[in-house]
Structure formats: C-alpha cells, structure tokens
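Take a look at the structure below.

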Amino acid sequence: MTFVRPTLQSTPTRSIHDIWSEQNSIRLVPEEVPIAISYGGSSHAVLMATPDDLIDFGIGFSMTEGVIDKLSQIRSIDVVEQDQGIDLQISLVEDVNDLLRARKRSMAGPVGCGLCGIESIDQAMRSLPDLSSVGTRISHTSVVAATAKLYGAQKLHRETRAVHAAGLYMPDTGLVAAREDVGRHNALDKLCGFALRSSVQCDEGAIVVTSRISVEMVQKTAMLGCAVLIAVSAPTALAIRTAEAAGVTLIALARGEDFEIFSHPQRVVPH
C-alpha cells in the first residue's frame, strides 16, 4: 500500500490577529477545510475537517463506513491539495471497488439522511457486529485515568480551545494514541485509522472522546471492535439503544471522579 503525503499549504492551526484584545495578541484557531473522500476517482463524501493525520482519516473513514474490512483492501492513498480543499484519492483492490460501485448503482436517487458518507436511511441504521461476548473489563480508576490522559494529549485543543479528540486507552498500558479534529466524528475516524494501520487489539481497550455521544459515535466504535466507549458528555437515546444492541458498554458524563454507565455495566469493575 502506498501513501502519498505532499507538503500541504494548509496547517492544522492558523494564527490571526485578535482585534478584540486591548493588547497586541495573537490567537491560534483551528483550520477547517473541505476534504473529499474519493474512491476510484469518484467522490464519495465531502467533510469539513482539520487537515491533519489525513492518511489515518482516509483509512478510518473507509473502515467505519463499511467500505473496507481490513487495511490490505486499500491499495494507495494520495493526498491531493486543491484550491479550496483536499481530495483523499483512495485506490481499492478490485473486488472491493466493484462492490462499492454496485452499491452506488443500487441507490434510487440522490437522497440523504445527513450522515457523512451515507446515501439512504437504511444505511444510517447499519448492521453492527455483536460485541456482547467481548471480555474487556475496565475499572473505575481506569475510566477516570482515560479522560485525564486524553485531556493531557490534546495539543491542538490547548492551543485553540476549539477541537474534539478521540483516544484509545488500554487499562494495562494507558493512552495508546489520540487524534484531534474540529469534528468529533472525524477525530474518531482518524483514531480508527491509526488503530487499523497499527494492528492494535482494540477489543482489549476503550475509546474515550471529548464530545457527546450520538449514534454515529457508537457505530464507529463497534465497527472498530471496541466494546467500551467513554465520553465526557451525555449520549442520545438512540446512541444508548444502539450500544445496548451492539454489546457496547457506554460510559458518559465522565468528569473527574464521576461518570454514569448507560449500557452493559458488567464490564466496569470497582478497582
């Protein structure tokens, strides 16, 4: 597999003059650009995202949206900067590319349900793997540590106060990786791409995020094979139902020493 990483004109942060300050100060704000995900030369989705960790983004999006099952199904990723944005041109192995073209042809028309990379309502409520049998256990101490470690790993957030983060926490080793983006879904996709590229055993750890939990966040976590999702904010009702059905332990409102468990509480142990 080939990754082409050009020198991008866009950077994750951009300095601007703070005209509201009485002092001559500089404020860093996160960059946000249109990023197209293209397969075989055809655009599949366009997302507003931070132009950082783009290879991980392309891999993770492809996996969580069900385009690929494993990394070997991607032949190459070419990051092409255009005037107004970036095009992630992803080349798939022939059989996967054929399946994707057939799926696109089966669509009745240009309908949309508002989810990234989704073209029909049926796709929005996709089938997920059943993770009920995953034997992950996480202690109260580890839940607290996971959110604290993720906060410490948010370099872009410390500079801008305007981005989300997603991290992979292993109870035995700590925070393995973190990814940031202006979009919470994008941050999680970037993390999923890292995990797939690094062959990390995600069923042994937990995903921790700095956002509320919508159904898409549960879906992406389940697609990665991770059975524990920790968030600093609250979940939606559909996210809870989806987590319960997929066998995902959903822990939310995790701030300081406190948190609430919304599904499959058996994985959370006292110490």
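**From the chain to its parts**

Of the chain's 271 residues, 51% count as buried. Buried means under 20% relative accessible area, exposed means over 50%, and partly exposed lies in between (1.4 Å probe, protein chains only). This is a predicted model: local features need pLDDT of at least 70, side-chain atom pairs count only at pLDDT 80 or more, and totals for chains, interfaces and linings use all residues. Residues are numbered from 1 along each chain as its sequence is written, and side-chain values use heavy atoms, with hydrogens and water left out.

The secondary structure comes to eight helices and 15 strands. Both are DSSP runs numbered from the N terminus: helices are H or I with at least four residues, strands are E with at least two. Contact means heavy atoms within 4.5 Å. Of the contacts in the chain with a separation of 6 or more, 51% are between residues 24 or more positions apart.

Start with helix H1 (residues 54–64). H1 is mostly covered, with 11 of its 11 residues buried. Among them are Leu54, Phe57, Ile59 and Met63. Just after H1, Gly66 takes a positive phi of about 80°.

H1 packs on H6 at an angle of about 95°, with their axes 6 Å apart. Axes are lines fitted to C-alpha atoms, for helices over the stretch in contact, and angles run from 0 to 180 degrees between N-to-C directions. The two helices are therefore roughly perpendicular to each other. That label covers 65 to 115 degrees; under 35 counts as roughly parallel, over 145 as roughly antiparallel, and the rest as oblique. H1 brings residues including Phe57, Gly60 and Phe61 to the contact, and H6 brings residues including Asp189, Cys192 and Phe194. The residues of this contact divide into seven nonpolar, four polar and four charged. Here Ala, Val, Leu, Ile, Met, Phe, Trp, Tyr, Cys and Pro count as nonpolar, Asp, Glu, Lys and Arg as charged, and the others, Gly among them, as polar.

What is the angle between H6 and H7? Helix H6 (residues 184–198) and helix H7 (residues 215–224) pack at about 0°, with their axes 10 Å apart. That makes H6 roughly parallel to H7. Arg184, Leu188 and Asp189 are among the H6 residues in this contact; Met217, Lys220 and Leu224 are among those of H7. The contact holds five nonpolar, two polar and four charged residues.

Ser211 sits in the loop between strand E11 (206–209) and H7. Ser211 is buried, with a relative accessible area of 2%. Beyond its neighbours within four places in sequence, Ser211 is in contact with His164, Arg184, Met217, Ala231, Val232 and Ser233.

Now the interior. A nonpolar core is a set of buried Ala, Val, Leu, Ile, Met, Phe, Trp, Tyr and Cys residues joined through side-chain atoms within 4.5 Å. The largest such core has 55 residues, and Leu92, Ile207 and Ile213 touch the most other members. Beyond its neighbours within four places in sequence, Ile207 is in contact with residues including Leu188, Leu191, Leu224 and Val228.

Finish at helix H8 (residues 237–246). Its buried residues are Ala239, Thr242, Ala243 and Ala246. Seen down the axis of H8, they fall within an arc of 100°, so they line one face of the helix. The arc is that of the directions from the helix axis to the C-beta atoms. The face of H8 turned away from its buried side carries the exposed residues Arg241 and Ala245. The buried residues of H8 pack against H7, strand E13 (249–255) and strand E14 (258–263).
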